[in-house]
Amino acid sequence: MLDPAYIRDHQDEVKQGLESRGMSVDRELEQLATLENRRRRLIPELEGLKRDQNTAGDEVARAKRQGKDASGIFEANRQRAQQIRQLGIELDQVENQRAALLMGLPNIPHASVPQGKTEADNVVVRTWGEPRAFDFEPQAHWDLGPALGIIDFERATRMSGARFSVLLGAGARLSRALINFMLDLHAREHGYLEVEPPFLVNRASLEGTGQLPKFESELFKIAGDWDLFLIPTAEVPLTNLHRTEIVNGDALPLKYVAYTPCFRSEAGSHGSDVRGLIRQHQFEKVELVQMVKPEDSWNALEQLTGHAEKVLQKLNLPYRVMALCTNNINFSTAKTYDLEV
């Protein structure tokens with residue numbers, strides 16, 4: 001969530017940054033300014049009334065010592081208590097409206113993010129290796145996997161529905177080997193602490209990473225009275241490891257790596273982009289997260305990207321690094337690199 005004080009003091013910059021993402025935010029910024037003004041008026045007024053109410057007891061005691069009638073003080077207390085309740089309700093409404101608006105605003109793109117609206121506006125930052133040339137027609141994995149008996153889509157669909165798969169034999173062993181390879185690489189060579197987090201998280205955790213409230217339709221929620229969701233990525237529990245804590249700056253950077261299954265509804269995805277193992281409802285991922293001081297964050301992004309690239313280099317898989325344009329980066333990010341293999 002954007003800092004409301006930053007929005008207040010840098011309205012033009014915020015407006016320009018969000019408009020570069022294809023948004024029109026004049027109405028939201030105007031509403032925020034109105035709510036901010038009401039909030040700044042209500043808080044001191046409410047605090048003043050509470051101070052007066054706290055000292056009223058001394059006034060009553062003083063009146064009784066002096067033999068005076070304290071009924072006027074009691075009546076003033078009663079009216080003031082009612083006013084405190086009314087102002088408290090009004091402040092809660094303002095705070096809730098303000099929070100809802102802030103939660104609906106995405107991050108501001110960094111100045112280095114390419115301006116653009118579609119994938120065609122993404123920029124190649126660098127490449128590694130040469131894409132392989134074959135002297136035969138290579139098969140797609142959704143044909144080759146079933147033919148080799150290492151992927152089964154039909155049985156998975158029978159068990160769970162579309163966009164699920166079963167890995168068998170060498171396919172299952174390959175998945176497990178890749179997970180262990182990545183965890184060991186990042187823990188031993190790159191200095192990350194391995195974490196095994198819960199695969200279910202609460203609403204506050206998903207709000208903390210920007211999935212909620214905007215993207216609830218893309219999540220799987222547990223039925224019944226549970227306020228729990230299946231994680232869409234290990235980034236959610238890793239980022240929330242220290243939520244509500246004050247971390248000693250001397251302990252930074254904190255570097256975490258985790259393997260988890262991930263669960264996404266992929267609402268709106270259809271057609272050729274969901275064939276085979278692409279855009280599945282359940283998939284596996286090894287995630288890297290760093291917690292650093294703000295002034296070190298951009299260097300951390302470059303380091304994280306380099307650590308992800310090292311996986312592909314060790315596997316000898318040619319790839320290119322793409323800087324996504326302003327309209328392609330996701331809701332909570334200020335800058336995104338994609339590795340296209």
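Quick definition before anything else: I say a charge sits over a ring if NZ of Lys or CZ of Arg is within 6 Å of the ring centre and within 35 degrees of the ring normal. And keep in mind that this is a predicted model.

With that in hand, look at Tyr192. The charged end of Lys255 is over that ring, 4.8 Å from its centre. There's also Lys221, which lies over the face of Phe229 at 5.4 Å from the ring centre.

Now, ring against ring. How many aromatic pairs turn up when you search the whole structure? Three. Take Trp128 and Tyr319: the ring centres are 5.8 Å apart and the planes are at 15 degrees, so we call that pair stacked. Trp128 belongs to strand 1, residues 123-128, while Tyr319 belongs to strand 9, residues 319-323, so this pair ties together parts 191 residues apart in sequence. As for accessibility, Trp128 is partly exposed at 28% relative accessible area, whereas Tyr319 is buried at 5%.

Then there's Phe134 with Phe136. Here the centres are 5.3 Å apart and the planes are at 55 degrees, so that one is tilted. Phe136 counts as exposed, by the way, with 52% relative accessibility.

Last thing, cysteines. A disulfide is a covalent bond joining the sulfur atoms of two cysteines.

Okay, that's my bit, over to you.

Notes. Residues numbered from 1 in each chain as written. Predicted model: local features only at pLDDT ≥ 70, side-chain atom pairs only at ≥ 80, totals over all residues. Heavy atoms only, no water. Phe/Tyr/Trp six-rings, centres within 6.5 Å; stacked < 30°, edge-to-face > 60°. Helix = DSSP H or I, 4+ residues; strand = E, 2+ residues; numbered from the N terminus. Buried < 20%, exposed > 50% of the residue type's maximum accessible area, 1.4 Å probe, protein only.
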